[in-house]
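Reader: I have a two-chain model open and would like to learn how to read it. Could you take me through it?

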Amino acid sequence: MRQRWNPYLAGGLAGIVLVASVAVAGHYFGASTTFARGAAAIEQTVGVDTAQYEYFTAKNGKYGAGSLPNWQLLFVFGVALGSLGAALASRTFEIKKVPDMWAARFGDRPLWRNLTAFAGGLVLIIGARLAGGCPSGHGLSGLSQLAVSGFVALAFFFVGGWLTANLLYAKRGGRS
Amino acid sequence: MSLIYGLVSGILFGILLQRAEVLRYDRQVGALRLLDMTIFKFMLSAILVASVGIYLLKDMGLAALNIKATGLGAQIVGGTLFGIGWGLLGYCPGTAGGALAEGRLDAFWGLAGMLAGGGIYAALYPTFKATVLSWGNLGKVTLPQAMGVSPWIVIVTMALLFLAMFRLFEKRGL
């Protein structure tokens, strides 16, 4: 079970799961809106009046905390649950503070890695909300429906990511 | 019921992502550095199968499309910004929770950053609405509609393109 599954086969099966979700539940995959809704829920919990923000009240509160819990929140939780189960069953669960590729380049101190991860998460959600989706909503669901928005978004996800990863891991002073 | 459907499809998707090792930072950033195409093999295969399934359902009247509006400002500026964050984090909104669940602790900080980003986006929304989001809005349109051809022509073309990419990936051992 440690052997990883063929990515073409696993991807094809994921495509069938998406089609089944559309056929049975009428839901396409997506994830990024949950983090805007989650932010609203946290703000409300600590006493912030989220009604002052147009975004959280727009479209009858579609992006506000009042829309939780909903299909997408449970989908995002489900991915974590499925991953945990699969990792334990296949004995591939492994506590790792810093990814191998990062450690090889920047060292294994968690502080820099965690700060970068936080900054990355912050920037990517602002980008995803601007674009109207992430690789699930625009990539998987958008391209499967042949939406123009999906093709444009996925292309620029890759452009931004390619530029950033190559700058981050650029050769320095002849070191590779 | 909608909640249960969400949970079940999430669990199945999570199992597939974890077992194909798509959740890992090294695979995600490996793809951005053009060193390891695992995540694209997974994603493009999923898109191919799903596009056939979804358009079959649509042709049989069993499902409706639900597409996002095209906004050139939104998807070009937002998409690039997403990519920059993705390159720094190495996980996506859909995969970060799964990465944390298989023991990748740095994903926790990515998730925290995403929640912070959600709050900041809401605070800046009026500015975005007046600028980026108002640029180049083309409405909800699919590629076959824009080109005036049958969706099946686009699906077959896309399939041939993806298969050529898969062949290239395997040839180069990516």
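**Chain A, chain B and their helices**

Author: Let's start with burial: of the 176 residues of chain A, 55% count as buried (20 or more other C-beta atoms within 10 Å of the residue's own, against 12 or fewer for exposed and partly exposed in between, with C-beta atoms placed from the backbone). Keep in mind that this is a predicted model, where local features need pLDDT of at least 70 and side-chain atom pairs count only at pLDDT 80 or more, while totals for chains, interfaces and linings use all residues. Residues are numbered from 1 along each chain as its sequence is written, and chains are lettered from A and ligands numbered from 1 in the order in which they are written.

Reader: What share of the contacts in chain A with a separation of 6 or more comes from residues 24 or more positions apart?

Author: Two residues are in contact if their C-beta atoms, placed from the backbone, lie within 7 Å. On that basis the share is 53%.

Reader: How many residues of chain A are in contact with chain B, and which helix gives the most to that side?

Author: In chain A, 113 residues are in contact with 105 residues of chain B. H6(A) gives the most to the side of chain A that touches chain B, with 18 residues. That side divides into 71 nonpolar, 33 polar and nine charged residues. Here Ala, Val, Leu, Ile, Met, Phe, Trp, Tyr, Cys and Pro count as nonpolar, Asp, Glu, Lys and Arg as charged, and the others, Gly among them, as polar.

Reader: Which residues have the most contacts inside the largest nonpolar core?

Author: A nonpolar core is a set of buried Ala, Val, Leu, Ile, Met, Phe, Trp, Tyr and Cys residues joined through C-beta atoms within 7 Å. The largest one has 112 residues, and A:Ala14, A:Leu18, B:Leu16, B:Ala46 and B:Ala122 have the most contacts inside it. H3(B) gives the most to this core, with twelve residues. Take A:Leu18: leaving aside neighbours within four places in sequence, A:Leu18 is in contact with A:Phe29, A:Leu140, A:Ser144, B:Ala46 and B:Ala50.

Reader: At what angle do H2(B) and H3(B) cross?

Author: Two packed helices are described by the angle between their axes and the distance between the axes. Axes are lines fitted to C-alpha atoms, for helices over the stretch in contact, and angles run from 0 to 180 degrees between N-to-C directions. H2(B) (residues 25–32) and H3(B) (residues 38–59) cross at roughly 85°, and their axes come within 7 Å. The pair is therefore roughly perpendicular; angles under 35 degrees count as roughly parallel, over 145 as roughly antiparallel, 65 to 115 as roughly perpendicular and the rest as oblique. B:Arg27, B:Gln28 and B:Ala31 in H2(B) meet B:Thr38, B:Ile39 and B:Phe40 in H3(B).

Reader: And how do H3(B) and H8(B) lie, roughly parallel or roughly antiparallel?

Author: The axes of H3(B) and H8(B) (residues 151–172) come within 10 Å and cross at roughly 160°, so the two are roughly antiparallel. The residues of their contact divide into twelve nonpolar, one polar and one charged.

Definitions and conventions:
Helices (H or I, at least four residues) and strands (E, at least two) are DSSP runs, numbered from the N terminus.
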